[in-house]
Amino acid sequence: MSRTTKNGFIPRVPAALLLATGTLLAGSGVAFAEPAVPPALAVLLDTGSATGSISPVADAPRLSSVDNFRDVAGTGAGYATPRGTVNKGVFYRSNAIVPDDADLATLTALGLTTAYDLRGPDEIAQKADRLPAGVAYVNIPILAGNVNELVARIHSPEDARQEMRKMNRDFVTGAVERAGFAQLLISLAETDGAQVFHCTAGKDRTGWTSYLLLSIAGVDGGTVMDDYLLTNEYTAESMAKTLAYLRQTQGDAVAENFGPLVGVEASYLQAGIDQLTADYGTVENYLTTGLGLSADTIAALKAKLLA
């Protein structure tokens, strides 16, 4: 039931919708839906070796039923670094992996060895992963909380944006969050073969992980931010559907207030980056002091990321 407080009207946003459809907020468990993007043809691109031989690696396929699935290394030749381009086909990022039969076959062809699910039990109950045969499943839950408390804090679009910024800051300040990211990065470093990590929408917990990996590789900050913002392109259709559903069921005001939760904005990731800088100075110090990663783990990740 909706109720009124001194802060104004609090909408009754269904918890099932919030959990099943995308973004989990720190201390909230709120989520929104991902879009369906028509498949595109994969483009084969060359990556040279030291001997001059050619090893073509395809762009990550665009999946209609898992729309935010993509390669951490980007497309084309891969993101540039001072030491060369980031290796494609090593680490993939995604939203909830719930493919239809055609997309499952496409995922199978990638030869994935391990999938890391960063969601909590309520999210998993809404959209349990469907993985290719033989892919190991590892659950590393990062962030959980009370949906109703989150809803009660949002009375304007700016309230929603503040929640998103807080979530990214919590990736730096939260002990539980740091432990989860440490476990994930260590696993990525120590596990062989192509691997994928994901949350529900593939943009927040997943986005922070990608930020760390690309930073380890030496990708420049502008490119990292552009990569973060690609969620708005990949998931444009389902974002529109989610907002349309909110308007239809909850009204225009609720859709406007909760709209900033559906996609990403530069200020969200930047809030986490600013917190990291304030607390640790550099990404390396965050990794070693904040997450407790060893030099060997960081070196292993860098070796996988760079040609």
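This is a predicted model: local features need pLDDT of at least 70, side-chain atom pairs count only at pLDDT 80 or more; totals for chains, interfaces and linings use all residues.
Me: How does S5 run against S8, parallel or antiparallel?
Reply: Antiparallel, with two bridges joining S5 to S8. In that pairing, Asp 71 stands opposite Tyr 92 in S8.

Me: Now S11. How many bridges join S8 to it?
Reply: Four, and S8 (residues 91-94) runs parallel to S11. Phe 91 is the residue opposite Gln 195 in S11.

Me: What about S9 and S11?
Reply: S9 (residues 112-117) pairs with S11 in the parallel sense too, over five bridges. There, Tyr 116 stands opposite Phe 197 in S11.

Me: Why is S11 described as largely enclosed?
Reply: Five of the five residues in S11 (residues 194-198) are buried, so the rest of the structure largely encloses this strand.

Me: Which residues sit on each side of S11?
Reply: Ala 194, Val 196 and His 198 are on one side, with Gln 195 and Phe 197 on the other. Both faces are covered, as these residues are all buried.

Me: Nice. Switching to Thr 206: where is it?
Reply: Thr 206 is in helix H7 (residues 205-217).

Me: Buried or exposed?
Reply: Thr 206 counts as buried because its relative accessibility is 0%.

Me: What does its side chain reach?
Reply: The Thr 206 side chain reaches the backbone nitrogen of Cys 199 at 3.0 Å.

Me: And which residues does Thr 206 touch?
Reply: Leaving out residues up to four places away in sequence, Thr 206 touches Arg 93, Ser 94, Leu 118, Phe 197, His 198 and Cys 199. Of these, Phe 197 and His 198 are among the buried residues of S11.

Me: Last topic, H6. How many residues does it have, and how far does it reach?
Reply: H6 (residues 175-190) has 16 residues and reaches 22 Å from its first C-alpha to its last, close to the 22 Å expected.

Me: Which of the H6 residues are buried?
Reply: The buried ones are Glu 177, Arg 178, Gly 180, Phe 181, Ala 182, Leu 184, Leu 185, Ser 187, Leu 188 and Ala 189.

Definitions and conventions:
Residues are numbered from 1 along each chain as its sequence is written. Side-chain values use heavy atoms; hydrogens and water are left out. The expected span of a helix is 1.5 Å times one less than its number of residues. Buried means under 20% relative accessible area, exposed over 50%, partly exposed in between (1.4 Å probe, protein chains only). Two strands pair if DSSP finds at least two bridges between them. A polar contact is a pair of N or O atoms within 3.5 Å; within protein, one must be able to donate a hydrogen and the other to accept it, and residues adjacent in sequence count only if both atoms are side-chain atoms. Contact means heavy atoms within 4.5 Å.
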